[in-house]
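Here is a short report to read alongside the structure. Keep the 3D view open and find each residue as it comes up.

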Amino acid sequence: MKCLRYYLCLASVGILMGCQYEFPEEIITEPHSGQADFSKMVAIGNSLTAGYMDGALYNRGQQNSFVVILAEQMKMAGGGEFNVPEINSETGFFAFGENGPLGRLVLTYDTTTSSTEPPPATPAPIGPGDFPGPYTGDKSMLNNFGVPGITLVTALIPDTGNPTSPLFNPYYGRMASSPGSSTVIGDAANALANGGTFFSFWLGNPDVVNYAIGGASNPFLLTEEVTFNESLNAALGAMLNANPEAKGVVMTIPNLNIFPYFNLINPLRIPVPPAARPPLGEGLAQLNAAINGWNQGVNANPNIPDPVKPSLIRPTLSTDFDAYPLLILDPSLSDAEIPLPTGESFVIPKIRNLTTEDEVKIPLGAQASLIQGVGISPMSPLNEAQYDSVYLSKSEQAEIQDKINKFNNFIGTAVADNGERLLLVDVNDFLGRLIEDTAYSDEIRLKATIIPPNGAFSLDGLHPNARGNAFLANFIIDGINDKWEANLPKANPNAFPGNDLPR
């Protein structure tokens, strides 16, 4: 297992403990449902709906998902009970370790540093965890069908609940009405047909984000556009047909730049252990000498037009590994071949230092590989062929964002086709406020980070924490109140925890 290690500068414990959201008391009229009916809400979605936090599905996260908070507010306007498939674990399951399952991530102090500054905090597994076991409650009474890792395609096929299938998802298998023959969509639709009046639909995020998490290295993880649209219409259609009178909210797919998972690691600040730095006398100096010789030859060659020369010049390699810790292969560099006295020639590899202009994103899970020296030596620089999973290039980010835009257009069209019954919730509108630093309650802001107390994301950098979910639920409530003239009261963000302080 690759440990997730990244460093956070945290303020003192006293300051963190004293910072609270000031949620003003509002004088409101009697809560009511307006043109909607909240007597039984059913939720369908992936890990975001399930309450997955800190790299695991565990009790506190599950009990503070945005749909649980939303359902609790609905109770004040005629809403009923909202039953979730309890995981019954305080630690959940993050990954398998050498001695068995490891639990959720927590912030721990790195006591190995000798610095006089406060020790850095590192997310790490809390200790032993619990692999998800079967749900032993009454499955027919469930309201929340949020399944971590589920895509639009796998939400529609029975193999997701079949333990013998390679598509088996243990989070669905534990709660499937009929493992191996039922589907996530089918179970949710049946629950809605059985007295359901309102539903939440948030599928599609793993259809593109799983591809990004892997550094855009496995095309199989990126759902094709036609498949996505067909699956979306089938899934949403099943929910709408389950009860022709039910109304619902449909969420869009968040943009990639919102997630701390892709923003916490600065590729130009990767710590490079001295042992991983190439000896300057054994490779790097020779390469720079060859590059300088090539550049001098280009400038002195009268047969090369002056306007062409800049495109042939090759950048020398910096020896400042603190400012330029990573080297990359760049196919766009000119071919450079230097003749040798032996009659042979030396081809200068197309490598250069990584710069801010590359706009590279490094997923959190790849930092362990970088620290160990992958992509640092001039003899094995970062490149798409060998280390595709290590980083997201500018072109890969553009590809992913294009897919998100197209998928969200499909979602918007499907909702518009059923405009009287459905509300489109533009999650990017809400989460974008975190990036712009405009999401706040009174004067205390919520930020797109994992750093307590203002961080909206849990320690995995991909899922909101409880406080972030409270803000999201309030954003949805605003939309519901506006569309259906309801009067749902908002949740108080102070009632929900952010990320725990380091241990």
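## The sheet

In β7, which residue is the bridge partner of Ile-44? The partner is Phe-201. Keep in mind that this is a predicted model.

## Salt bridges

Side chains of opposite charge can pair when their charged atoms come close. The whole structure holds 11 salt bridges. One of them joins Arg-352 to Asp-358, with the closest N and O atoms 2.6 Å apart. Are these two residues buried or exposed? Arg-352 has 15% relative accessibility, so it counts as buried. Asp-358 has 13%, so it counts as buried too. Elsewhere, shared partners join Glu-225, Asp-402, Lys-403 and Lys-406 into one network of salt bridges.

Now look at Lys-309 and Asp-306. Their closest N and O atoms are 3.3 Å apart. Lys-309 is buried, at 10% relative accessibility, whereas Asp-306 is exposed, at 57%. Glu-81 and Lys-75 form another salt bridge, with the closest N and O atoms 3.5 Å apart. Glu-81 is exposed, with a relative accessible area of 58%. Lys-75 is partly exposed, at 31%.

Asn-353 lies in strand β12, residues 351–353. Is Asn-353 buried or exposed? Its relative accessible area is 9%, so it is buried.

What does its side chain reach? It reaches the backbone nitrogen of Ser-318, at 2.8 Å. Leave aside the neighbours within four places in sequence, and Asn-353 still has several contacts. Among them are Thr-316, Leu-317, Tyr-324 and Leu-326. Asp-358, the salt-bridge partner of Arg-352, is also in contact with Asn-353.

## Aromatic pairs

A pair of aromatic rings is described by the distance of the centres and the angle of the planes. The structure holds 12 aromatic pairs. Take Phe-96 and Phe-131: the ring centres are 5.7 Å apart and the planes meet at 20°, so the pair is stacked. The two residues are 35 residues apart and link distant parts of the chain. Phe-96 is in strand β2 (residues 95–97), and Phe-131 is in the loop between β5 (121–125) and β6. Phe-96 is exposed, at 51%, and Phe-131 is partly exposed, at 42%.

Tyr-261 and Phe-262 make an edge-to-face pair, because their planes lie at 80°, with the ring centres 5.1 Å apart. Both residues are buried. Finally, Phe-38, Phe-198 and Trp-484 form one aromatic cluster.

Definitions and conventions
Residues numbered from 1 in each chain as written. Predicted model: local features only at pLDDT ≥ 70, side-chain atom pairs only at ≥ 80, totals over all residues. Heavy atoms only, no water. Pairing = 2+ DSSP bridges. Helix = DSSP H or I, 4+ residues; strand = E, 2+ residues; numbered from the N terminus. Salt bridge = Lys/Arg side-chain N within 4 Å of Asp/Glu carboxyl O. Buried < 20%, exposed > 50% of the residue type's maximum accessible area, 1.4 Å probe, protein only. Polar contact = N/O pair within 3.5 Å; in protein donor to acceptor, adjacent residues only side chain to side chain. Contact = heavy atoms within 4.5 Å. Phe/Tyr/Trp six-rings, centres within 6.5 Å; stacked < 30°, edge-to-face > 60°.
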